[in-house]
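Visitor: I would like to learn how to read the features of a model by eye. Could you take me through one?

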Amino acid sequence: MITIKDLIAKIRTRLRDESEGEFRFRDSELLDALNTAYLDLNYQFKLNIKKYTKQVSQTDNVLQTNKMFLSFEKAYLNNTPLSFKAYDEKAKTLQISSFSDFQSLIILPSTAANGILEVFVNESVKLEMDSILSSGDFLENALIFSVLISIFQIESNESNLQRVGFYENLYKKETDRLRALISGTKEARSFQTYFNY
């Protein structure tokens, strides 16, 4: 776990922006860049999957999520998987669709909406200065590198453009490492055979 304040302090160290009271970058600028970085990582690695359950009927076939979702993962109506398709009022086959607000899902056709709806979505998260990231230690380097890329793009001089390239390479390596770690937790990594010792 890591606090946003600690992350910002680490970013300031990399920026050599540590003169309190005379910071070159405001906390709000760094927080905006952190939110953008976290949103991207959350989308890439599906870090905030939430489950919603609702009793639906013909007259109540819309499920409202608490926050905007970045991606739809899966849905079941009475334990039967639902296809995620574009909204079509004239749909004849059972499906789930999203409204353009990315917070509402609807069962179509409404005449088929009857039972327990279970939906899994990857929700967005807005970080605040007092937020604590439970996955922060895991994401720390990727977040720092992404913020530095954004900050160094503000002033487009030669040395900053070189720094952007340097931190883009570090960010890519870090996200590749994260991808490998995450896939390692989701898949069996070794198979026992007669020849394994």
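Predicted model: local features only at pLDDT ≥ 70, side-chain atom pairs only at ≥ 80, totals over all residues.

Visitor: Which residues of H1 are buried?

Guide: An α-helix has 3.6 residues a turn, so residues three or four places apart point the same way. Buried means under 20% relative accessible area, exposed means over 50%, and partly exposed is in between (1.4 Å probe, protein chains only). In H1 the buried residues are Ile4, Leu7, Ile8, Ile11, Arg12 and Leu15. They cover an arc of only 140° around the axis (taken from the directions from the helix axis to the C-beta atoms), which puts them on the same side of H1.

Visitor: What covers the buried residues of H1?

Guide: Contact means heavy atoms within 4.5 Å. The cover includes strand S1 (2-3), H2, strand S10 (132-133) and H3. H2 has buried residues of its own, among them Leu30, Leu34, Tyr38 and Phe45.

Visitor: Now the charges. How many salt bridges does the whole structure have?

Guide: Side chains of opposite charge can pair when their charged atoms come close. The rule for a salt bridge is a side-chain nitrogen of Lys or Arg within 4 Å of a carboxyl oxygen of Asp or Glu. A search of the whole structure finds 9. In one of them, lysine 10 meets glutamate 140 at 2.8 Å, N to O. Lysine 10 lies in helix H1 (residues 4-15) and glutamate 140 in helix H3 (residues 136-152), so this pair ties together parts that are 130 residues apart in sequence. Lysine 10 is partly exposed at 36% relative accessibility, whereas glutamate 140 is buried at 15%.

Visitor: Where do aspartate 176 and arginine 179 lie?

Guide: Both are in helix H4 (residues 158-186), 3 residues apart, about one turn of the helix. Aspartate 176 is partly exposed at 35%, and arginine 179 is partly exposed at 37%.

Visitor: Arginine 12 and aspartate 17 also meet in a salt bridge. Are the two buried or exposed?

Guide: Both are buried, and their salt bridge spans 2.7 Å, N to O. Arg12, Asp17 and Asp27 are linked in a network of salt bridges. A charge sits over a ring if NZ of Lys or CZ of Arg is within 6 Å of the ring centre and within 35 degrees of the ring normal. The charged end of arginine 12 sits over the ring of phenylalanine 23, 3.7 Å from its centre. Lysine 74 lies over the face of phenylalanine 120, at 5.2 Å from the ring centre.

Visitor: How many aromatic pairs are there?

Guide: A pair of aromatic rings is described by the distance of the centres and the angle of the planes. Rings of Phe, Tyr and Trp (its six-membered ring) pair if their centres lie within 6.5 Å; planes under 30 degrees apart count as stacked, over 60 as edge-to-face and the rest as tilted. The count by this rule comes to 6. Phenylalanine 152 and tyrosine 167 have ring centres 5.9 Å apart and planes at 15°, so the pair is stacked. That pair links helix H3, which holds phenylalanine 152, to helix H4, which holds tyrosine 167. Phenylalanine 152 is buried at 7%, and tyrosine 167 is buried at 10%. With phenylalanine 166, tyrosine 167 has ring centres 5.1 Å apart and planes at 75°, so this pair is edge-to-face. Ring pairs link Phe145, Phe152, Phe166 and Tyr167 into a cluster.

Visitor: Last, the loop between H1 and H2. Which residues does phenylalanine 25 touch?

Guide: Phenylalanine 25 is found in that loop and is buried, at 7% relative accessibility. Not counting residues up to four places away in sequence, phenylalanine 25 touches Arg12, Leu15, Asp17, Leu30, Ile151 and Ile154.

Notes. Residues numbered from 1 in each chain as written. Heavy atoms only, no water. Helix = DSSP H or I, 4+ residues; strand = E, 2+ residues; numbered from the N terminus.
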